Amino acid sequence: MEGPKPRFRHVDTSTMEGRAMFGMPSVLAELQRELIVANTNGGLASARARGRVGGRRPKLTSDQAELAQQLYDAREKTVQQIADMFNVPRSTVYGHLDREKTVPRQPKKTAAAKS
């Protein structure tokens with residue numbers, strides 16, 4: 001008893017018709033992808049028009065971010081201490097600091113630099 005026959009026959013890509021048959025699925029896949037991208041962008045634009053915002057919610061509230069900025073600018077706490085206060089990683093604190101008004105910190109002086 002023979003097994004099931006293959007559903008698709010071999011496509012001979014050395015002929016013009018074979019190349020055309022081989023290219024059709026890729027054209028359809030590209031069309032499908034472009035439709036998905038267009039529909040996704042349309043949905044996002046529609047959501048924005050309704051006032052919806054995408055993305056993850058911020059870990060720190062605006063009050064917490066403002067307090068973190070004040071503590072950092074006043075040099076009362078280090079970034080690690082601020083992060084520990086709010087139970088978040090340092091990278092989250094850095095992400096909430098305002099890059100425009102943040103005062104850059106000077107590196108600590110080492111023993112070799114003091115001499």
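Me: Is phenylalanine 86 buried or exposed?
Reply: Phenylalanine 86 is buried, because its relative accessible area is 16% and buried means under 20%. Keep in mind that this is a predicted model.

Me: Where does phenylalanine 86 sit?
Reply: Phenylalanine 86 is in helix 3.

Me: And which residues does phenylalanine 86 touch?
Reply: Not counting residues up to four places away in sequence, phenylalanine 86 touches Leu60, Gln64, Leu67 and Ala68. Take leucine 60: in sequence, 26 residues separate leucine 60 and phenylalanine 86, and their C-alpha atoms are 7.8 Å apart in space.

Me: Which other residues of helix 3 are buried?
Reply: Val79, Ile82 and Ala83 are buried in helix 3, along with Phe86. These residues lie on the same side of helix 3, because they cover an arc of only 100° around the axis.

Me: What covers the buried residues of helix 3?
Reply: The cover includes helix 2 and helix 4.

Me: Which residues make up the largest nonpolar core?
Reply: There are eleven of them: Leu60, Ala68, Leu71, Tyr72, Val79, Ile82, Ala83, Phe86, Val88, Val93 and Leu97. Helix 3 gives the largest share, four residues.

Me: What about threonine 92, buried or exposed?
Reply: Threonine 92 has a relative accessible area of 17%, so it is buried. Threonine 92 belongs to helix 4, which runs over residues 90-96. Setting aside neighbours within four places in sequence, threonine 92 is in contact with Lys59 and Leu60. Lys59 and Leu60 are also among the residues that valine 88 touches.

Me: Back up a bit. How many helices and strands are there?
Reply: The protein has five helices and zero strands. Along the sequence the pattern reads α-α-α-α-α.

Me: How much of the protein is buried?
Reply: Of the 115 residues, 15% are buried. The accessible surface is about 10,500 Å², and carbon and sulfur atoms hold 55% of that area.

Me: What share of the contacts joins residues 24 or more positions apart?
Reply: The share is 53%, taken over contacts with a separation of 6 or more.

Me: Is asparagine 87 buried or exposed?
Reply: Asparagine 87 is exposed, because its relative accessible area is 71%, and the cut-off for exposed is over 50%.

Me: Which residue in the loop between helix 2 and helix 3 is worth a look?
Reply: One to check is arginine 75, which is found in that loop. Arginine 75 is not a glycine either, and its phi is positive, about 60°. With 46% relative accessibility, arginine 75 counts as partly exposed.

Me: Which residues form a nonpolar patch on the surface?
Reply: Val11, Met21, Phe22 and Met24 form one, with about 410 Å² of accessible area together. Valine 11 is in the segment before helix 1 (16-49). Valine 11 counts as partly exposed, at 34% relative accessibility.

Me: What is glycine 18 in contact with?
Reply: Leaving out neighbours within four places in sequence, glycine 18 is in contact with Val11, Asp12 and Thr13. Glycine 18 lies in helix 1 and is buried, with a relative accessible area of 7%.

Me: Last one. Where is aspartate 98?
Reply: Aspartate 98 is in the loop between helix 4 and helix 5 (111-114). At a relative accessible area of 32%, aspartate 98 is partly exposed. The C-alpha atoms of aspartate 98 and glutamine 69 are 7.4 Å apart, with the two residues 29 apart along the chain.

Notes
Residues are numbered from 1 along each chain as its sequence is written. This is a predicted model: local features need pLDDT of at least 70, side-chain atom pairs count only at pLDDT 80 or more; totals for chains, interfaces and linings use all residues. Side-chain values use heavy atoms; hydrogens and water are left out. Helices (H or I, at least four residues) and strands (E, at least two) are DSSP runs, numbered from the N terminus. Buried means under 20% relative accessible area, exposed over 50%, partly exposed in between (1.4 Å probe, protein chains only). Contact means heavy atoms within 4.5 Å. A nonpolar core is a set of buried Ala, Val, Leu, Ile, Met, Phe, Trp, Tyr and Cys residues joined through side-chain atoms within 4.5 Å. The arc is that of the directions from the helix axis to the C-beta atoms. Patches are made of residues with over 30% relative accessible area and no salt bridge: like charges are joined within 9 Å, nonpolar side chains (Val, Leu, Ile, Met, Phe, Trp, Tyr) within 5 Å. Accessible areas come from the Shrake-Rupley method with a 1.4 Å probe; for residues, only the protein chains shown count as cover. A salt bridge is a side-chain nitrogen of Lys or Arg within 4 Å of a carboxyl oxygen of Asp or Glu.
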